[in-house]
Amino acid sequence: MANPSSWTPHVEAFVDTSRPPSEHVASIEATTKLVNNDLLSLLDLVKEMEMYLTTSDHVIRSRGILFLAEVLARITSKPLDSVSVSCLAEFFTSRLSDWQALRGALVGCLALLRRKGSLGTIAISNARKLAQSFFMYVQVQSLTVNDRKLSFEVLHCLLEEYPDAVVVLGDELLYGICEAVDEEKDPDCLMLSFQLVEIVIRLFPDPSDLVTRFAGDIFEILSKYFPVYFTHGGGDELHATRDDLSRALMNAFCSTPNFEPFAIPLLLDKLSSSLQSAKLDSLKYLTNCLRCYGADRMLKHSKAIWLNLKDVIFSFPPQRPLVLTTESSQDTERVEHQIGKEALSCLQTAMLCLTSPDKDVFINLILEDEDVVKRFGFVLNEGYSVGTSVDIHGQLNALDILEQDTWWHVLKRFSDSLSYFAGSLVTTCNEAANSQIQQAVTHSKIQQESILYSMKVLQTLATFPEHYSPISESVYHDILLMLISVVTCKYDDVYLWNLSLKTLGQIGSSIEDIHDSAKGTIYSRTVVERAISLLQVDDTALPLSLKLDVVSEIGAIALDPMSRVLKALEEAIVFHISKACVDGRTESAETAICLLECYSCKLLPRFCTLQDFDEVLVLFAIRLWEQMESLVASKNEIKVQGLLDSLMMTMKLLVASCSEEQQSLIVKRAYTIVSAVKCLPLQPFSPSSKLEELRISPGFSIHNWLVSLFASVVIALRPQTTLPDVDILLNMFIVFLLEGQLPAAQALASILNKWPSNGNISELSSVYTFDQAIDLVLEKCFTVLSSSSFLANFYSSNDSKINAIAGLAWVGKGLLMRGHEKVKEITMFFLKCLLSSQNSEIMQLNQKELDARSLLATSAADAFQLIMSDSDVCLSKQFHATTKPLYKQRFFSSLIPVLLSSVKEYATMNTNYRTVLYRAFGHLISNTPLAAVVAESHKIVPTLVDCLGILSLNTQNKDLIYSLLLVLSGILMDKNGKEHITENIHLVINLLAKLVLYPHMMLVRETALQCLVAMSGLPHSRIYPMRLQVLRAVTKALDDKKWAVRQEAVRCRQAWASIA
């Protein structure tokens, strides 16, 4: 500690008022440096300064207190213990009663109140005592300007930083604020005063009896400053401008609806002021008060507001042209123009806010106003004359923000001309754009705005309620005809085409009864039929994707157009499927795929929200099956796999959207068609069935189509829907599963997942119980997939075996989701496949057998991803899967110990062999909810790091690496997870330092850098030794070719470079 003799001269120099100000500042700085460097503690300073702080000489006492306060104000970033802060708070609070030393007390209190967080802040009780002492002893308006500003800053800090401490003061708080603010004149102090009013009212939630009682007194103080007069010269050193003061006062006006009885009359009165600045401020304040006070309070002022706004608008129309001459007249014209614009803004706000549930009060006032009616009459009867009526037109134009129905009497007269003008403008802009020599039609910004507003005009005219429409049926027809012509012929103009289609959709949606009404009939004949015809004609120039956009938009407006569009779409789908399968036309297959996607993704979700839709879906599903029946009879070979995928997804969505009864109809019809095919395995297994009997009879691709399509029906069934001949279906799906047909495996998984839990066999038309069915499936699958001759003699390629493994994984997924314990047998089979590539017998196999065994192990590892991940093709909520809560977490908890022990057991094996284990481990934890993984982070972090290191050696693992990095970052964000990361800090940082340079995926590098940034907040003693290693790796990442990576590298370098 510094000897008192080394710093006492600084105190004496500051206390001596004869010394120059520069010495006073130097004394404070020198003492502050001692405190900051821990050569002098603050409490020791207070003890040694006791004589200066308590002497009866008010000059020495005030200077001593100020010296201590200034030192305290300069050490805000230095941590102080709670005892020191509490002692200082009590000392400076007690000094507020010492008016001769008040300056130092205010500076000290302000320094304590401004301290943040862990650096040491004053307690709530001390803050409350400080506020009570302030209101008791400090007479703000009797102080100098600087001291008043300090006082307002103290109050500001109390209200903002310690609201809980002061809100309990209630009346004392509001009265003290009023007393402090009243009669203030300094601009900087006024800024703080207005803010204090806004903040203190915010402390008491509305409605508040306390604020209601004080509202009149507070507003009386505020009203003295409106409008703001700013007389200070440009040479004055002020931070506040007139605009700043006016804005702060406006915020205070709007801080509570309780000011409404006092504020609105004042603002309306000031609108008639001869001072234009007062008018402008009144309009701005009134606009904000309308928004803040609410319709309940403001409706009673509606008439007064309209009359005053009308006078302003008719006196200062915002459209009046500016004629600028001298500089003074320029300023006047500009202010008048601003007043007109602000009046228009206020009118808009009033129309939006001043409404009641049963009528538009404010709009009716405008419509019934005699001055408005007279001006309309002048324009309509006398015509437009630039020389004599520019002001009247400007006044009326200022009212063009009214709702469309308030202009009905005007639109009725000019609707024909208006629609013709808007249509001509669209045509003109399109022709102008087409005249440009370029491949794609583009519009200038002005042309785009012209087209946009023209479309709005046409839409507005066409969407009036039928009985109040200002346009005739012929004009309505012409508008629709023009828009549908653009849609069908002007597709090269993307902007115009999209606007036209959207406008047609909006017009159609506005028709209340499209089937019976006159407008509905016209729309149906002009638009709907034209849109449907696009699907029936192939030789139109309009691309297929745009045709489908048209029918989707038009079909979505109502039930009748939707039904007609779906019917036309169904006809087109069946036609093109037939052409693709019978004639082998590839273009028809591609068209059918697009049609099916439009049907299932765009129209079907919308159609299913309507009533009585089941019958339409059932009929279409059955019709698709009848089409498949005719294709079976034709015996043509089908090679377009993409068409089958689209057909399967559409069939799933159709069936999933139906009720149980409707699903039963589809299942029966589909099963009848499938069972008629002789070469399909449609006999139940017998106990003596041999492996060779599992092969299907030779056939052609349509049989695979039939089974896949029937599988799609089974996948989408509800659990309550009855399946026919379940034992035969189990046989068929098992056979196709072992042939590598994934749809069959998904259907088998769905049957087991949705099997009735009550054990009622009759519901499934099966001779098997649930457990018997599972045993049958697993026995046949395990027997075939474990056979040594399976790869060599049964299949011609490894792809079938890979798909068969995936099929078994689907079965496991179905059992897991319903919580059945048989999933353990499937899991152990996959683990056996994983570990079979790592036993001693593997060295005796030839290269072909080694490759096959390796492929089998990889497929088994990937099976864990299929089991744990969510799917949108099967076993999802959309397809009515049975799901037990927390099934993923349970599976993870049961399997992770086995995997961890296997990893540890085979830690010395070749990297290639360990990869499959790590791949399975990675799929497991990356698809498990993060909370479950974090709970086991103490076990898995070392293995996770090792897993990332091994997988990063193979580029095929990049997606899995990214998923695992996200898991690592999630662990790093958890409080307990950080501890486990810290325990393995060297392993984690070594890994991340490599991954920041991972060349195969940008997201891996970016995420690795983000993890390093997060790790910079770990305990200093653990991360500091790794600092140089991280900085070296990050320095290389600064040259990454991706900007996002370079940006994260900069953040990471800054975070680790600051560690000292």
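**View 1. Leu875 is found in the loop between helix H41 (847-868) and helix H42 (887-905).** The model is predicted: local features need pLDDT of at least 70, side-chain atom pairs count only at pLDDT 80 or more, and totals for chains, interfaces and linings use all residues. Residues are numbered from 1 along each chain as its sequence is written, and side-chain values use heavy atoms, with hydrogens and water left out. Helices are DSSP runs (H or I, at least four residues), numbered from the N terminus. Phi of Leu875 is near 50°, a positive value in a residue other than glycine. Leu875 is buried, at a relative accessible area of 4%. Buried means under 20% relative accessible area, exposed over 50%, and partly exposed in between (1.4 Å probe, protein chains only).

**View 2. Asp725 sits in the loop between helix H34 (701-716) and helix H35 (726-738).** Its phi is near 45°, a positive value in a residue other than glycine. Asp725 counts as partly exposed because its relative accessibility is 30%.

**View 3. Asn927 lies in the loop between helix H43 (911-926) and helix H44 (930-935).** The Asn927 side chain reaches the backbone oxygen of His923 at 2.8 Å. Leaving aside residues up to four places away in sequence, Asn927 touches Gln865, Met868, Ser869 and Lys888. Such a contact means heavy atoms within 4.5 Å.

**View 4. A cis peptide bond runs from Phe226 to Pro227.** Its omega is near -10°. Pro227 belongs to the loop between helix H13 (209-223) and helix H14 (242-253).

**View 5. Helix H8 covers residues 124-137.** Its 14 residues should span 20 Å at 1.5 Å a residue, and the end C-alpha atoms are 20 Å apart, which agrees. The expected span is 1.5 Å times one less than the number of residues. Buried in H8 are Asn126, Ala127, Leu130, Ala131, Ser133, Phe134 and Phe135. Their cover includes helix H6 (82-95), helix H7 (102-113), helix H9 (145-161), helix H10 (163-166) and helix H11 (171-181).

**View 6. The largest nonpolar core has 222 residues.** Those with the most contacts inside this core are Tyr523, Trp625, Phe710, Phe733, Phe830, Met1015 and Trp1056. Apart from it lies another core, of 126 residues, including Val140, Tyr162, Leu192 and Leu249. A nonpolar core is a set of buried Ala, Val, Leu, Ile, Met, Phe, Trp, Tyr and Cys residues joined through side-chain atoms within 4.5 Å. In soluble globular proteins, nonpolar side chains tend to be buried together.

Definitions and conventions: Helix = DSSP H or I, 4+ residues; strand = E, 2+ residues; numbered from the N terminus. Polar contact = N/O pair within 3.5 Å; in protein donor to acceptor, adjacent residues only side chain to side chain.
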